[in-house]
Amino acid sequence: MLPHEIRRKKPQSVAVRYWNGNEVVHPQEFPRDNGLQSLAKAVLPTPTATRDRLIGLVCFDFLCISLTLPAVQSVFVRAALPFSGRAIVSPSSIGFVFLQAVLLTLLAYTEGLYRAELTWSPPEQKVVLGKVVGLGTILLGVGLYLLNPKLVQLTLLIATAPLNYAAMLTGREVQRRTAIRNCARSTRNVLIVGSGTLAYELASALDNNPRYGRSVRGFLAEKGPIGSDVRGTINDLAAVARAEFVDEIIVLDSVDPFLARAAIREAKRNHLDIKVVPALFGSRRNDMALAELGDVPVLTLHEEPIPAGRLLLKRMMDFVGGATALILASPVLWTIALMIKLDSPGPVFYVAPRIGRKGRRFRCYKFRTMVNGANTMKDDLRQRNQRAGPFFKIAEDPRVTRLGRILRRYSLDELPQLWNVLLGDMSLVGPRPHPVDDYAQYDLDHRRRLDVTPGITGLWQVTARRDPSFERNMALDLEYIEKWSLWLDLRILWQTFSVVLRGTGV
């Protein structure tokens, strides 16, 4: 009997019953948590390589890093170098050596240096290892220097970096060569559950790469015909596994779920290792991430990159710019508010719901430029609408007051929207927010403009403000979304000043 067969524990019995065509698996099929497993999962990192490889490499790296500092210090002291008078680590401060070993080991784990893939990719491994050692040395040196400049001799600390790099690289090279020899001596027999193009591609990859240490003994199909490399159906798993001395099965995602569960149960009864090929739907492996939603494992195949840094800068620019503009324009705001009260009866501000990012409603603030109750007259004027699509605008709108025409011409009515910017409902630059009734007439494609926060000004305002085409307005908004950058925002803000001074508003 092989050593790995001796270590295998006999699985608990599984009770399966069928009722109404549904399969019910007894809870004993799943291992029970004895408390110690929960503690281990909470304290220890989840290994990204096999357990032996993880523990071995971590211990080797930790030992090497712990020895380099005392070794370099000893060499410097014996050589009587001018800068060796101050000890890098006093005999009582072993914690410093421990700190460096822990820091570099954690950085190595974070960068994936304990993954099996990097073991078989020496060029990439060298680059990542250099990054880990360099970054760890810099962080440790800067941190200790800021804490106490007399605590560490930076020259000695820097001298340990090449030794740490060489030692950690040597350990990985030795492990890689050892793994190659072990794979050649202990090849595992594999049975692939499934057939088709993917099955043959997987078999070719395993047979043509000795580093995997596997030999494909055949395939199990969901149904006939049997022959060539297809050893039988899934019902024949136990017999084929015994005949071919199979150590492991690999279940493809194309297999019917009912048959796949049956194959996995049979493999467990026969003490076989089990691997499953997940359905990635053409996605790249590098995009995958495994998470849990409740007790349900969820495999993330792709996540759109989010420019978090640039979005933070945009929000900071909005807040600082909006607050500054409100302070500087406060005399103008008070003056306009007084003029509105003298010009026509009604409130100073016009507050109406608008549609913002992701279709969320918010209260948009403007100076009132129309007669009180203008909204009730909108439906009667729709036949005079001069804009195409779900966009209402009339050049000579009878609802607009005398002062309102001046405010609209120079866009002064939109100054209160700086408060919306501070609240986060709007941005300084972005697509204009549309009224609720205009939003109700959107086509499905039009909703793409709601992927971003609406703005006081935008690309449409500075390039085609008088263009009556809604499609032109939509095309410019989408162009802004696709080409957005902080530099584009600054350009639009700069151009807005000249547009406002020319009085092109309606």
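Phenylalanine 245 is found in the loop between α9 (237–243) and β6 (248–251), where helices (H or I, at least four residues) and strands (E, at least two) are DSSP runs numbered from the N terminus. Its phi is near 50°, a positive value in a residue other than glycine. The model is predicted, so to speak of local features takes pLDDT of at least 70 and side-chain atom pairs count only at pLDDT 80 or more, while totals for chains, interfaces and linings use all residues. Residues are numbered from 1 along each chain as its sequence is written, and side-chain values use heavy atoms, with hydrogens and water left out.

**Overall make-up**

- The protein has 17 helices and 13 strands.
- Of its 506 residues, 37% are buried; buried means under 20% relative accessible area, exposed over 50%, and partly exposed in between (1.4 Å probe, protein chains only).
- Among contacts with a separation of 6 or more, 68% are between residues 24 or more positions apart, a contact being heavy atoms within 4.5 Å.

**Two loop residues with positive phi**

- Phenylalanine 245 counts as exposed because its relative accessibility is 65%.
- Lysine 358 lies in the loop between β10 (349–355) and β11, and its phi is near 60°, again a positive value in a residue other than glycine.
- With a relative accessible area of 48%, lysine 358 is partly exposed.

**The nonpolar cores**

- The largest nonpolar core holds 29 residues, and those with the most contacts inside it are Ile340, Phe367, Tyr480 and Ile492. Such a core is a set of buried Ala, Val, Leu, Ile, Met, Phe, Trp, Tyr and Cys residues joined through side-chain atoms within 4.5 Å.
- At least two residues of this core come from each of α11 (308–343), β11 (361–367), α12 (402–409), α13 (417–423), β12 (427–429), α15 (459–463), α16 (470–482) and α17 (486–502).
- Helix α11 gives the largest share of this core, six residues.
- A second, separate core has 24 residues, including Val190, Ile250, Ala260 and Ala267.
- In soluble globular proteins, nonpolar side chains tend to be buried together.

**Helix α16**

- The 13 residues of α16 should span 18 Å at 1.5 Å a residue, and its end C-alpha atoms are 18 Å apart, which agrees; the expected span is 1.5 Å times one less than the number of residues.
- Buried in α16 are Phe470, Asn473, Met474, Leu476, Asp477, Leu478 and Tyr480.
- These buried residues pack against α11, β12, α15 and α17.

**Aromatic pairs**

- The structure holds three aromatic pairs. Rings of Phe, Tyr and Trp (its six-membered ring) pair if their centres lie within 6.5 Å; planes under 30 degrees apart count as stacked, over 60 as edge-to-face and the rest as tilted.
- One of them joins tyrosine 200 and phenylalanine 219, with ring centres 4.7 Å apart and planes at 45°, so this pair is tilted.
- Tyrosine 200 sits in helix α8 (residues 197–207) and phenylalanine 219 in strand β4 (residues 214–221), so the pair ties together parts that are 19 residues apart in sequence.
- Tyrosine 200 is partly exposed at 42% relative accessibility, whereas phenylalanine 219 is buried at 4%.
- Phenylalanine 349 and phenylalanine 367 form a stacked pair, 5.4 Å centre to centre with 15° between the planes.
- Phenylalanine 349 is partly exposed, with a relative accessible area of 42%, while phenylalanine 367 counts as buried at 2%.
- Beyond its neighbours within four places in sequence, phenylalanine 367 is in contact with residues including Leu333, Ile336, Ala337, Ile340, Leu407 and Pro416.

**A buried alanine**

- Alanine 108 belongs to helix α4 (residues 94–110) and is buried, with a relative accessible area of 0%.
- Not counting residues up to four places away in sequence, alanine 108 touches Leu113, Tyr114, Val132 and Met168.
- Alanine 108 and valine 58 are 50 residues apart in sequence, and their C-alpha atoms are 9.0 Å apart in space.
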